[in-house]
Amino acid sequence: SQTAVGPQVLAVLCEKGHPNPTHASSCRICSSPLSSSSVTVPRPDLGRIILSTGEEVPLDQDIIIGRRPRSTPTAGRAPARLAIVPSPGKKISRSHCDVRLHDLGSQNGTLLMRPGQAPVRLDGSVAMVLTPGDVVELGENISFRMEA
């Protein structure tokens, strides 16, 4: 038997075998119908975020963004990728948000801007699922955009 490397996630497969989130109504890649049963698969590459600094960060593991981010080890999870952004005025917290998207109790908040919707200030107790086209503002002209 082959040992899986990296995080495993619950998914539903389309008829072509593409993994999809369990809440999806059709395949995110080919729009095919999805099976009704879920399976555990290695977490697929979910796209990338592009920071306003120009840095591109693949969504292949957990990501924590901040001016001096830290990742706390969690049993069964790989350490998070750390994305450091400038914050000369210290308006961006050391560990500001993770990319699920979840504000980590930042001092000045995190703002989600989804095309066609009013901006949403994130509450630290609620995680948001990012979709391609979402822009997240951290402060001091630092933001990132989710791309597929």
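Biologist: What is a nonpolar core, and which residues of the largest one touch the most other members?

Modeller: A nonpolar core is a set of buried Ala, Val, Leu, Ile, Met, Phe, Trp, Tyr and Cys residues joined through side-chain atoms within 4.5 Å, where buried means under 20% relative accessible area, exposed over 50% and partly exposed in between, with a 1.4 Å probe and protein chains only. This is a predicted model, in which local features need pLDDT of at least 70 and side-chain atom pairs count only at pLDDT 80 or more, while totals for chains, interfaces and linings use all residues. Residues are numbered from 1 along each chain as its sequence is written, and side-chain values use heavy atoms, with hydrogens and water left out. In the largest core, which has 19 residues, the members touching the most others are Ile49, Ile65, Val99, Leu138 and Phe144.

Biologist: Which strand supplies the largest share of this core?

Modeller: Helices (H or I, at least four residues) and strands (E, at least two) are DSSP runs numbered from the N terminus. At least two core residues come from each of strand E4 (48–51), strand E6 (63–66), strand E12 (135–139) and strand E13 (142–147). The largest share, three residues, is that of E13.

Biologist: Which side chain of opposite charge is nearest to the buried Arg67, and how far away is it?

Modeller: Arg67 lies in the loop between E6 and strand E7 (81–84), and a polar atom of its side chain is 2.6 Å from the backbone oxygen of Ile92. Lys and Arg count as positive and Asp and Glu as negative, with His and the chain ends not counted, and a salt bridge requires a side-chain nitrogen of Lys or Arg within 4 Å of a carboxyl oxygen of Asp or Glu. Arg67 has no salt bridge, and the nearest side chain of opposite charge is Glu140, at 7.2 Å.

Biologist: Is Glu140 exposed, partly exposed or buried?

Modeller: Glu140 is placed in the loop between E12 and E13, and its phi is near 50°, a positive value in a residue other than glycine. Because its relative accessibility is 28%, Glu140 counts as partly exposed.

Conventions: Polar contact = N/O pair within 3.5 Å; in protein donor to acceptor, adjacent residues only side chain to side chain.
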